[in-house]
Amino acid sequence: MTREERQLREAIIAKCRWMNASGLNQGTSGNISARYKDRMLITPSATPYDAMKPEMIASMPLEGAYGEWTGPLQPSTEWRFHLDIMRARPDVGGIVHTHSTYATVLAIARKSIPACHYMMAAFGGTDIRCAGYARYGTKELSELAIAALEGRNGCLLANHGMIALGANLDKAMWLAVELETIARQYYLSLALGSACTLSEEEIAETAKGFSTYGPQTSQPKPTTKARASAKAAPRRAEKKRSRKR
């Protein structure tokens with residue numbers, strides 16, 4: 001295992017522990033996967049996150065034998081939709097699946113979420129669709145999820161939970177939080193009687209500003225030596241010009 005792969009496995013475990021600690025998920029009901037080169041790394045089935053170690057993360061090929069895996073523990077029972085999404089969507093580097101409360105409440109009611117908030121633009125359209133019902137872990141559920149995710153970075157799963165996609169783990173988790181937040185806001189607006197929705201034009205306008213919005217990758221700060229060298233560069237250039245004169 002390379003250092004890079006170990007760090008990604010550790011990041012998956014950290015995200016799992018965080019989503020439970022934050023209330024975004026409960027127990028071992030959720031699962032997370034990440035793309036690593038030509039493979040998918042995914043949380044093992046029914047394993048408490050606090051006891052999880054990097055070596056326990058299952059590894060599955062993105063191409064080749066479908067369903068093949070390596071590791072000491074079986075991959076999550078939801079490996080099919082994780083794998084099928086990554087195969088169908090090269091833009092996806094991280095997938096978060098949770099049974100978060102409000103998203104699941106709407107999924108139980110089989111309600112899609114309309115454009116009730118401008119943050120809907122972060123998901124690629126004017127709604128969050130609710131996929132039809134199929135038993136967990138089945139190929140049918142995977143097909144329903146992929147259809148609901150067409151042109152979207154998130155969906156609800158009927159009587160089940162939600163899925164959020166991102167270019168990397170950080171963005172996938174960010175959208176999972178946003179999806180649960182929007183679900184809660186929509187649910188509460190319905191409790192008041194109705195929800196006013198935004199138009200396609202208003203969502204499209206917001207989407208333009210989202211092209212560079214989301215979790216940022218921190219840029220390394222220059223070292224003291226590099227800063228000193230940068231400051232000295234103009235003086236060196238001036239000395240060279242003086243010698244030429």
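**Polar and charged side chains**

Modeller: A polar atom of the Thr98 side chain lies 3.2 Å from the backbone nitrogen of Ser100. The model is a predicted one, in which local features need pLDDT of at least 70 and side-chain atom pairs count only at pLDDT 80 or more, while totals for chains, interfaces and linings use all residues. Residues are numbered from 1 along each chain as its sequence is written, and side-chain values use heavy atoms, with hydrogens and water left out.

The Thr98 side chain also reaches the backbone oxygen of Leu24, at 3.5 Å. Thr98 belongs to strand E4, residues 94-98; strands (E, at least two residues) and helices (H or I, at least four) are DSSP runs numbered from the N terminus. With 0% relative accessibility, Thr98 counts as buried. Buried means under 20% relative accessible area, exposed over 50%, and partly exposed in between (1.4 Å probe, protein chains only).

Turning to charged side chains, there are six salt bridges, each being a side-chain nitrogen of Lys or Arg within 4 Å of a carboxyl oxygen of Asp or Glu. Side chains of opposite charge can pair when their charged atoms come close.

One of these salt bridges joins Glu5 and Arg9, at 2.9 Å from N to O. Because Glu5 and Arg9 are four residues apart in helix H1 (residues 3-21), about one helical turn separates them. Both Glu5 and Arg9 are buried.

Another salt bridge pairs Asp84 with Lys139, whose closest N and O atoms are 2.8 Å apart. Asp84 lies in helix H2 (residues 79-88) and Lys139 in helix H4 (residues 139-148), so this pair ties together parts that are 55 residues apart in sequence. Asp84 is buried, at a relative accessible area of 7%, whereas Lys139 is partly exposed at 36% relative accessibility.

Arg152 and Asp127 likewise meet through their side chains in a salt bridge, with 2.8 Å from N to O. This pair links distant parts of the chain, 25 residues apart: Arg152 is in the loop between H4 and strand E6 (154-157), and Asp127 is in the loop between helix H3 (101-108) and strand E5 (130-131). Arg152 is buried, with 10% relative accessibility, while Asp127 is partly exposed at 21%.

Finally, Glu202 is found in helix H6, residues 200-209, and is partly exposed at 38% relative accessibility.

Definitions and conventions
A polar contact is a pair of N or O atoms within 3.5 Å; within protein, one must be able to donate a hydrogen and the other to accept it, and residues adjacent in sequence count only if both atoms are side-chain atoms.
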